[in-house]
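Take a look at the model below. The paragraphs after it give a guided tour, one step at a time.

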Protein chains: 2
Amino acid sequence: MKIVPRSKVIYSFSSKHKPAAYVKTEEQVLLKTEDAFGGQITDEKHSITALDWSKVDGATGPIFVENALPGDTLVVELLDIKVEGKGIIVTVPSHGILGEKRFRPTTHAVPISNGGIQFDRKVRVKAKPMIGTIGVAPKTGAVPSGSLGRHGGNMDVKDMTAGAKLYLPVFTEGALFAAGDIHAVQADGELCVSSVEVAGEILLKFHVIKNRAPKWPILEKSDSYSVLACGDTLDEAAELAAESAVKAFMRQYNWSFEKAYMFGSLAVNLEISQVVDPKKGVRATVQKDFVALDSFLS
Amino acid sequence: MKIVPRSKVIYSFSSKHKPAAYVKTEEQVLLKTEDAFGGQITDEKHSITALDWSKVDGATGPIFVENALPGDTLVVELLDIKVEGKGIIVTVPSHGILGEKRFRPTTHAVPISNGGIQFDRKVRVKAKPMIGTIGVAPKTGAVPSGSLGRHGGNMDVKDMTAGAKLYLPVFTEGALFAAGDIHAVQADGELCVSSVEVAGEILLKFHVIKNRAPKWPILEKSDSYSVLACGDTLDEAAELAAESAVKAFMRQYNWSFEKAYMFGSLAVNLEISQVVDPKKGVRATVQKDFVALDSFLS
């Protein structure tokens, strides 16, 4: 097993980064990860106002994956996610879905133990650790780890949990994969701009599908596939996600656009991932009964 | 049991409508309903291009409910939904989430039997009949049955199924409730602007909560409450839904705005209802573990 330490954190996705590790497909890799604040906030005395915003939503890596070349799909099998015992939630004035309201910067530290988060003396929430930032180097330039796109990034998808598989288009030799920014739990939306931000460990392994790739990252759960699209607005993200799902039906069944579009009303669930990052994220989720992975690749 | 025939269909919600029936609370009511096209399209020979658009998404009613007064909440308990044996799905150029693409007007008739919809020779979808249009008379004016707002209307919520309860703010004496536009199944989004449109029957009964009302309709399922908000964009609808959920936490726990807002990231799922009506619909869904109905009423 290859272990990549927490010190190997990057705050952008770029083909220019030097690999932190070289791994083979099928080899288990353990990423030790910083929390979303890069460890800058450790208790309620640390105000978000002192934060260095160039060091948020960082990811451990990048990992050079053997045999991954542009035009391929990097398959990321999420085997396990462990979190530390304390999470941090913050409100940041002007941020989040209610950013136009007047409110104070607040830091709230919550204990995490026995599979639960003690949000308040009386309110306990079941933990469901998920990965906020996960992706590969984009085709060109450097994308900050707080943003997202076709390369993945800070997608903040609540179902990016142990047991899921992620299919990412590869744009550069070795893919240059990185992941971090674990949340002990997050609901669809991530309303206030942060969730239960926590340091931890991600155990995963890679496969490669040669010469075919999805347009957007695809998330596989036990019973469904989701297109993970993003846009400047939820409406734009929803349209892009829907378009990929309708195209998948056209490939799967050899249907006309019209027929595939109609089927979308019956079988494509548009789901909000988050509404608070530089781009908004929407998933188009289809049960495996109705579509195969193959239909998302071209 | 009171039966309201299909002929009592209205194509707007308005306090000016004469009641089609007067019912008591706790009395069972059976609404016989037209499909979304008011029966104008019965097979694939009927093109959507000949449709009279003033007669779509109609609702059977209005029902004057005894003891419902402005400022109250009308509780609608959905007991059963039955559908006829044939559904109609259409594509309409310039309509739906991919309305900017070029495509033809299409009418697709699908048989419905034994709890399933035969979309295609090889593709069968499980039926989950839900109500597209359901609401009360708005405070002022007449709202077309194809639109939606705080009074309800064409909300197209996939969970508006038998077993659910809907809480609507009452704006006029008797509430003047109506419902119709059943879909044999619909996924979140209703991508192509129609789903499996079908005539049918809705069995329901009413209760009234006196002198308190929610800002937006609230949908109760077995384990959750959802705020059903709408706006000109998904982003606006999401913000309005989120705001109501955060306010409910402030009432429920006597928390500051900041604390309630943070909790939103853990416990409020923003869900897309539909993206294709005159206003877009987003639900803010919270598990009953974390909020009581009471906290949504003021």
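What follows goes from the chains to the core, then to the helices and the salt bridges.

Keep in mind that this is a predicted model. Start with the two chains, A and B. Chain A can be laid on chain B by a turn of 180 degrees, with a shift of 0.0 Å along the axis and an RMSD of 0.0 Å. That is the relation of a two-fold axis. How do the copies meet? They meet through the same surface, because 100% of the interface residues of chain A are also interface residues in chain B.

Next, go inside. The largest nonpolar core has 195 residues. Which residues have the most contacts inside it? They are A:Phe177, A:Leu270, B:Phe177 and B:Leu270. Follow A:Leu270, setting aside its neighbours within four places in sequence. Within chain A, A:Leu270 is in contact with A:Ala238, A:Ala242, A:Val282, A:Arg283 and A:Ala284. In chain B, A:Leu270 is in contact with B:Ile97, B:Asp188, B:Gly189, B:Leu191, B:Ile272 and B:Val275.

Now turn to helix 2 of chain A, residues 257-267. It is largely enclosed by the rest of the structure, because 11 of its 11 residues are buried. The buried residues include A:Phe257, A:Tyr261, A:Met262 and A:Phe263, and also the charged-type names A:Glu258 and A:Lys259. What do they pack against? In chain A, the partners are helix 1 (234-253), strand 22 (269-274) and strand 23 (280-287). In chain B, they are strand 8 (86-91), strand 9 (106-113) and strand 11 (124-126).

Helix 2 of chain B is mostly covered, with 10 of its 11 residues buried. Among them are B:Phe257, B:Glu258, B:Tyr261 and B:Leu266. The buried residues of this helix pack against strand 8, strand 9 and strand 11 of chain A. They also pack against helix 1, strand 22 and strand 23 of chain B.

Helix 1 is the next stop. The axes of helix 1 of chain A and helix 1 of chain B come within 7 Å and cross at roughly 115 degrees. Here A:Leu234, A:Asp235 and A:Ala238 meet B:Leu234, B:Asp235 and B:Ala238.

The whole structure has 41 of them over all chains. In one, the side chains of A:Arg283 and A:Asp159 meet at 3.9 Å, N to O. A:Arg283 lies in strand 23 of chain A and A:Asp159 in the loop between strand 15 and strand 16, so the pair ties together parts that are 124 residues apart in sequence. Both A:Arg283 and A:Asp159 are buried. They also belong to a network of salt bridges, whose members include A:Lys128, A:Lys158 and A:Glu271.

Another salt bridge links B:Asp235 with A:Lys280, with the closest N and O atoms 3.0 Å apart. B:Asp235 lies in helix 1 of chain B and A:Lys280 in strand 23 of chain A, so the pair joins two chains. Both B:Asp235 and A:Lys280 are buried.

Finally, look at B:Lys279 and B:Asp232, whose side chains meet in a salt bridge at 2.9 Å, N to O. Are these two buried or exposed? B:Lys279 counts as partly exposed, at 28% relative accessibility. B:Asp232 counts as exposed, at 51%.

Methods
Residues are numbered from 1 along each chain as its sequence is written. Chains are lettered from A and ligands numbered from 1 in the order in which they are written. This is a predicted model: local features need pLDDT of at least 70, side-chain atom pairs count only at pLDDT 80 or more; totals for chains, interfaces and linings use all residues. Side-chain values use heavy atoms; hydrogens and water are left out. A nonpolar core is a set of buried Ala, Val, Leu, Ile, Met, Phe, Trp, Tyr and Cys residues joined through side-chain atoms within 4.5 Å. Buried means under 20% relative accessible area, exposed over 50%, partly exposed in between (1.4 Å probe, protein chains only). Contact means heavy atoms within 4.5 Å. Helices (H or I, at least four residues) and strands (E, at least two) are DSSP runs, numbered from the N terminus. Copies are superposed by least squares on the C-alpha atoms of residues with pLDDT of at least 70 in both. Axes are lines fitted to C-alpha atoms, for helices over the stretch in contact, and angles run from 0 to 180 degrees between N-to-C directions. A salt bridge is a side-chain nitrogen of Lys or Arg within 4 Å of a carboxyl oxygen of Asp or Glu.
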